[in-house]
Number of protein chains: 2
Amino acid sequence: MRSVIAESTASRQRIAGETGLSLATVATVVGELITAGLLVEVGFEDSAGRPRGLVAVAPAGGVLIGVDVAETYVRVDLFDAALHFLDGVEERLHPEENRPEQVVGHIVAAIRAVLQRAGIPARRVLGAGISVPGQVDRDGGVSVFAPNWNWHDIPLRGLLVESLGIPLHLDNPLRAAVVAELWFGAGRRREDVIVLTLGTGVGAGLAFGGALYRGATNSAGEWGHTTLVLDGRPCHCGGRGCVETYVGAPGIIQHLRELDPDSPMLHGNDQTATIDALAHGADTGHPTALKVIAETARYLGAAVANLVNLVNPETVVLSSWVTARLGEPLLTEVQAVVTRHALRRPLTAVRIVRSTLSGDPVSLGAATLALEGFLSGITGGRSGRR
Amino acid sequence: MRSVIAESTASRQRIAGETGLSLATVATVVGELITAGLLVEVGFEDSAGRPRGLVAVAPAGGVLIGVDVAETYVRVDLFDAALHFLDGVEERLHPEENRPEQVVGHIVAAIRAVLQRAGIPARRVLGAGISVPGQVDRDGGVSVFAPNWNWHDIPLRGLLVESLGIPLHLDNPLRAAVVAELWFGAGRRREDVIVLTLGTGVGAGLAFGGALYRGATNSAGEWGHTTLVLDGRPCHCGGRGCVETYVGAPGIIQHLRELDPDSPMLHGNDQTATIDALAHGADTGHPTALKVIAETARYLGAAVANLVNLVNPETVVLSSWVTARLGEPLLTEVQAVVTRHALRRPLTAVRIVRSTLSGDPVSLGAATLALEGFLSGITGGRSGRR
């Protein structure tokens, strides 16, 4: 499915070449996907005089929903079965609005709104992927721990299924962001990829050998809660000196407050407004804004170098809203700091880039996880791999 | 091969069950290994009235050599093709004795000595695995960077092949130690495993999905050169505050020196003697020795918690000579510190243990890598996986 989507149309021979699967296996899986209404035959291509059948994603083959629940907003995007964006809705979350039933209410309202606007009945939805911050028990559909909201063991899928009647796939933004990059972004055709989500919280999505890595209990990637400064800033996780306390949005804002407690760039507890002001300041060469970005990069670069030395990845992608806003100035400073901290051999092997995906990579990745979930249901898991 | 060695004898059906390969593939590979003289048919077992052929490792099927080159010694061990230990030789390296030709001289002399003593001609050696500290280019057989010796781009395999005429497989102790644990130790039947080598240098061997993880350029696992204390102790890698500067043998000795510059446990630049004295001190309840172990565990535990939060492994194994000497007191303190630093979900999933392999896990792992290299030569790489 990833091959067909990447190429718009593809022959079975080409899919076999791309995936390393045998032609027989590809023919079986393609047949199942045609029966399920996800792929259609669209014609033939000429190969040394012999025609080869071409398949493409069926335009009427159902839709997918991706939901990105963040500390400051709920975003719901609608995609066709080839994961082309159709429509989206975003609702802001106020900092106090973080009780589970409040968040669930926003998700349900936004999904209903986007389906109604597109005139699509719930039965045409192949699945909805829902990304929530923190640690997630996928099989149980439970948010195990969302540190920024102090959520523990919230049965989100249960709360949502009642209202929606759509197949739901719960996961977290680290997983969603790396899947989006693997299918559509800087991780395409790469083996060992790290996607850093830089927002209110921070974390790393990991892919090894071209496939998502989850760890023993789907909680791999808590890079935000690795210690960078032993006995440093206190963290809401109970530790001290965690990466997140220096490079998460509140940590960046603290750098600004320490440099200039009266800065007009400070906007109380409105993180997005403050980060926007910093981005604007950096664009216009404001010295305090540039100092805050350099200070952030000093910590972020060291923490990225830790990943480069430990994991020896091909690609590190900076993603999420803080990356989008602070942009090129932050990336440039981070690359310089990594160059000072990382060992030569893994440094030579790695590219550090910003995400180039348009739209919200987390909702796209969540919808992709929903597609993978749907596919593994109809093909017994075979096409869910690689 | 791993299945057969683990079980002493095994049927093709059992190997298929263990490896997840099809019975047809297993039958083909077993046939190739019998032809190559590595496996022999040893009889039948009864399965619901139908006899199944059993195979075992051929006793006369050649030998393997594992070489562990460390900062303070060169160890050469001889194994049969089932990786049973036959004989070994260890030579001490003096701290100044670290020029490549000196180290190569020790390796060649020790391999010749152990083969001569066993009366085995070089042509019966299936391969020698050689572990050297630092970063290694396996394909080129080059030690790319050995920071404790300041080696850069030393063509070790070339230097050794001339003298020995044996197939050589170069890698580093992180790789060797994790392969040994996967085949024979705490990593057996585990998916996501981290083996920490604690010696003069420190590092992490990584296995994901039950297979060795190397990263993009075989330099994954440089956990010793991840920053734990930003702007902390200077490290020979050029960085500051690296894990290794606090938990490598010289770092531990520095804790002792800072607590008591005149301690009789200090033995100049003889690291092993000082660590031995600390181990003895801890055993007899000497308060300074206990404080040094607690201080070491404060850093080591935080650095292990970083791995637990980032990788979410099933098993973390502490290995190598510092672990062997400081033993249970160090492990107990480390477990307590990890419990304070790690997030609940990955903490619940992980077991932190000491290596229980007898002998030198690095030379065993190096010999195992040589066996894997030999097998991939005769089966086209198929049995080298998983």
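Me: Over how many bridges do β8(A) and strand β9 (residues 142-146) of chain A pair?
Reply: This is a predicted model, in which local features need pLDDT of at least 70 and side-chain atom pairs count only at pLDDT 80 or more, while totals for chains, interfaces and linings use all residues. Residues are numbered from 1 along each chain as its sequence is written, with chains lettered from A and ligands numbered from 1 in the order in which they are written. Strands (DSSP runs of E, at least two residues) and helices (H or I, at least four) are numbered from the N terminus, and two strands pair if DSSP finds at least two bridges between them. β8(A) and β9(A) pair in the antiparallel sense, and their bridges number three.

Me: Which residue in β9(A) is the bridge partner of Gln135(A)?
Reply: Strands of a sheet pair through backbone hydrogen bonds, either parallel or antiparallel. Here the pairing is antiparallel, and in β9(A) the bridge partner of Gln135(A) is Phe145(A).

Me: What is the order of the open sheet of three strands in chain A?
Reply: The three strands of this open sheet pair in the antiparallel sense. Pairing on one side only makes β8 (135-137) and β10 (151-154) of chain A the edge strands. From one strand to the next, the twist averages 15°, an angle taken on a scale from 0 to 180 degrees between N-to-C directions, with axes as lines fitted to C-alpha atoms (for helices, over the stretch in contact). The order in chain A is β8-β9-β10.

Me: What is the order of the open sheet of five strands in chain B?
Reply: This open sheet of chain B has mixed pairing. β14 (211-213) and β16 (351-354) of chain B each have a single partner strand, so one side of each lacks a neighbour in the sheet. Here the twist averages 25° from one strand to the next. The order in chain B is β14-β13-β12-β15-β16.

Me: Which residue in β16(B) is the bridge partner of Val317(B)?
Reply: Strand β15 (residues 315-319) of chain B and β16(B) run parallel and are joined by four bridges. For Val317(B), the bridge partner in β16(B) is Val353(B).

Me: Are α9(B) and α10(B) roughly parallel or roughly perpendicular to each other?
Reply: The axes of helix α9 (residues 271-283) of chain B and α10(B) come within 7 Å and cross at roughly 110°. Angles under 35 degrees count as roughly parallel, over 145 as roughly antiparallel, 65 to 115 as roughly perpendicular and the rest as oblique. α9(B) and α10(B) are therefore roughly perpendicular.

Me: In which hand does α9(B) pass α10(B)?
Reply: A crossing is left-handed if the near helix is turned anticlockwise from the far one by less than a right angle, and right-handed if clockwise. The residues that meet are Leu278(B), Gly281(B) and Ala282(B) in α9(B) and Thr288(B), Ala289(B), Leu290(B), Val292(B) and Ile293(B) in α10(B). The crossing of α9(B) past α10(B) is left-handed.

Me: Are α9(A) and α11(A) roughly parallel or roughly perpendicular to each other?
Reply: The axes of helix α9 (residues 271-283) and helix α11 (residues 320-341) of chain A come within 9 Å. They cross at roughly 15°. α9(A) and α11(A) are therefore roughly parallel.

Me: Which residues of α11(B) meet those in α9(B)?
Reply: α9(B) and α11(B) pack at an angle of about 15°, their axes 9 Å apart, and their crossing is left-handed. From α9(B) come Ile275(B), Asp276(B), Leu278(B), Ala279(B) and Ala282(B). In α11(B) the residues they meet are Val322(B), Arg325(B), Leu326(B), Gly327(B) and Pro329(B).

Me: How many residues of chain B are in contact with chain A?
Reply: Two residues are in contact if their C-beta atoms, placed from the backbone, lie within 7 Å. On the side of chain A, 37 residues take part, and for chain B the number is 37.

Me: Which element supplies the largest share of the side of chain B that touches chain A?
Reply: β9 (142-146), β13 (202-208), α10 (287-311) and α12 (344-349) of chain B each supply at least two residues of this side. The largest share, five residues, comes from α10(B).

Me: What rotation superposes chain B on chain A?
Reply: Copies are superposed by least squares on the C-alpha atoms of residues with pLDDT of at least 70 in both. The superposition has an RMSD of 0.1 Å and a shift of 0.1 Å along the axis, and its rotation is 180°. The two copies are thus related as by a two-fold rotation axis, the rotation being 180°.
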